[in-house]
Amino acid sequence: MPRFLSATLSLALLTPVLSSTGPWIPTSDFRSRSSDPDPKAIDAVFAAYDHTNTPGCALGVFRDERIIYARGYGMADLNQGLAITPRTVFYLASMSKQFTAAAIALLAEQGKLSLEDPIRKYVPELPAYADPITINQLVHHTSGIRDYLGLWQMSGRSIADEIPEEQALDFLVRQKALDFPPGTKWSYSNSGYLLLTIIVKRASGQSLREFTTANMFAPLGMTNTHFHDDNTMIVPNRAEGYQPSAKGGFEIVRTSFALVGDGGLYSTIEDLFRWDSNFYHNKLGSRGQALVDQVYTPGTLSNGSPLTYGFGLMPGKYRGLPVIEHGGSFIGYRTQLMRFPKERFSVAVLCNDYTVNPDGLARKVADLYLADRLEPVAAAPAAGAGVSVPAAKLDQLVGRYEVMTGFIFDIARRGDGLTFQQIGGGFPSALRSVSDTVFESGVFPGQFIFHTTPAGPGLNVTVFGTDVAPRMATAPTLGPADFAAYNGRYTSDELDTWMVIEVRDGKLMARSRYGRWMPLTVVRRDAFLVGQGIAVFERDKQAHVTGFKYSAARTQNLRFVRAAM
């Protein structure tokens, strides 16, 4: 089902006929430069998704404020047999954040707020812990506010459920502390952008949907773009979200989720082209390119240390060239918009298969178009090959590492190499040796880099950041008699939930108010892996368990108190 646009015509002049089986070709020559890659090479990148019985992706390639290639691969709706096209409407997930942040920048320009305003000026319901937090810190993820999606999951509920805005705000109001003092660290926070949505509404008198439509989407002609704050609304040409089914094939991922700001934007390849073009000749607000410079500029910590995050955008480099990008991932959808501003070139990839890696696909397309400007990549060893590492060196690296709160990787020997496995789920997967300290996986992004520390080996998995996790001590062996000390009911005011812990069939198990039974896996004395987090139990002077603190990736030290026995 190829769909592509010619670079020789302005988008406003195109009136293509859409076919469910044939190519979308408004002219016979859709390549504006002789050096452009053959379309077959581009299509080969998406070959795995170009079927009539699978979900897939929409691709848009933009250069010099023109669409030079656009096509759909796979199906938008398997029930109805509708193919993906550049006009298919996708849920953008966290790619939405750049639009929310731009709305904040426009409101500041209009004098309706200041980036240095304390957030309690607009959201006075928040407790005193929010006193020092500014709007600027919400924009740049340095507020320290716990992630509301993590809180929702910790309570045992599903993020596929409807979360009313007032209930999400109530979660934040219930919190007794921040994860860190505002401005001292960077931690990606959906809560920050949820609060920005509320601030837009209270500062402008319009919902985020209304404000962005009037001030951003309508002026740019983005007629198929909106913040989806009503989950009963019919959206023509909308792609369903899918994930693999345990029975084979795919299953629809149904959701009633309708919160916006941190996500929630629906858009198309064609509309993203209009958005992308505006960064070269800004039509929004009154400051021209000064607005673009503002949203491109990364924030800083309170000590002046630079961040790599701007207004919902991530400046960086790819193979030597500056890039501005942001992706999204949520409930059946994966998205990416990658811009090379100096080349005036961008790639947008919108997918409705949750297993797809749109970042990697966008980079492969960029590799084809910018081959003569990108820095060379070192030749990779043949599949499955790697450098030889002495057995004694491999043995030194074996062990468990908590690479991020709640993520513990077990590194083990298998044959003449290493494997990794996430404790609590998954299967052992081989690691290929790039050197005697650097390893890669074919199923997990980033590199596994081992370090030598005074306390022994440490591991940095680059997809999680730069922190080096020390090797964990051997976990104690516990049995049913030891487990009895943890039996009981525990409550959390911050989560408005409870958790029951008891021994079941010889195993220590836990169940929250809304969740299912989960095993507790011991990682050290009085510390257990539970779901996607770590529970660290506390004891009184008589060594009786009194409660525990629960931490996960973006939420730290939530307190559960044990009910009287």
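Let's start with helix α2, which covers residues 97-109: its 13 residues reach 18 Å from the first C-alpha to the last, close to the 18 Å expected at 1.5 Å a residue. Keep in mind that this is a predicted model.

- Most of α2 is covered, with 11 of its 13 residues buried.
- The buried residues of α2 include Phe-99, Ile-104, Leu-106 and Leu-107, and Lys-97 and Gln-98 are buried as well.
- After α2 comes Gly-111, which has a positive phi near 80 degrees.
- α2 packs against helix α6 (residues 190-204), with the two axes 10 Å apart and at an angle of about 40 degrees.
- The crossing of α2 past α6 is left-handed.

- β1 and β2 run antiparallel and are joined by seven bridges.
- Arg-63 has Arg-66 in β2 as its bridge partner.

**The disulfide**

- Searching the whole structure turns up one disulfide.
- The disulfide is formed by Cys-57 and Cys-351, and their sulfur atoms lie 2.3 Å apart.
- Distant parts of the chain are linked by this pair: Cys-57 sits in strand β1 (residues 57-63) and Cys-351 in strand β13 (residues 345-351), 294 residues apart.
- The torsion about the S-S bond of Cys-57 and Cys-351 is about 100 degrees, so this disulfide is right-handed.
- Cys-57 and Cys-351 are both buried.

**The three-strand sheet**

- Another open sheet has three strands in the order β5-β9-β6, again with antiparallel pairing.
- Its edge strands are β5 (90-91) and β6 (226-227), and each of them pairs on one side only.
- Two bridges connect β6 with strand β9 (residues 265-267), and the two strands run antiparallel.
- Across from Phe-227 you'll find Leu-265 in β9.

- Strand β17 (residues 429-433) has four of its five residues buried, so the rest of the structure largely encloses it.
- On one hand, β17 is joined by three bridges to strand β16 (residues 417-422), and the two run antiparallel.
- Leu-418 stands opposite Leu-431 in β17.
- The hairpin of β16 and β17 has six residues between the strands, and Gly-424 in the turn has a positive phi of about 95 degrees.
- On the other hand, β17 pairs with strand β18 (residues 438-441) over three bridges, in the antiparallel sense.
- Leu-431 turns up again here, standing opposite Ser-441 in β18.
- β17 and β18 make a hairpin too, with four residues between them.

- Strand β22 (residues 488-492) and strand β23 (residues 497-504) pair over five bridges, in the antiparallel sense.
- Ser-492 stands opposite Thr-497 in β23.
- Four residues lie between β22 and β23 in their hairpin, and Asp-496 in the turn has a positive phi of about 50 degrees.
- β23 is also joined to strand β24 (residues 507-512), by six bridges and in antiparallel fashion.
- Val-500 has Arg-511 in β24 as its bridge partner.
- The hairpin of β23 and β24 has two residues between the strands, and Asp-505 takes a positive phi near 55 degrees.

**One more spot: Ala-366**

- Ala-366 belongs to helix α10 (residues 358-369).
- Its relative accessibility is 0%, so Ala-366 counts as buried.
- Ala-366 and Pro-457 are 91 residues apart along the chain, and their C-alpha atoms are separated by 37 Å.

Terms used:
Residues numbered from 1 in each chain as written. Predicted model: local features only at pLDDT ≥ 70, side-chain atom pairs only at ≥ 80, totals over all residues. Heavy atoms only, no water. Disulfide = S-S within 2.5 Å. Buried < 20%, exposed > 50% of the residue type's maximum accessible area, 1.4 Å probe, protein only. Expected span 1.5 Å × (residues − 1). Pairing = 2+ DSSP bridges. Axes fitted to C-alpha atoms, helices over the stretch in contact; angles between N-to-C directions. Left-handed = near helix turned anticlockwise from the far one by under 90°.
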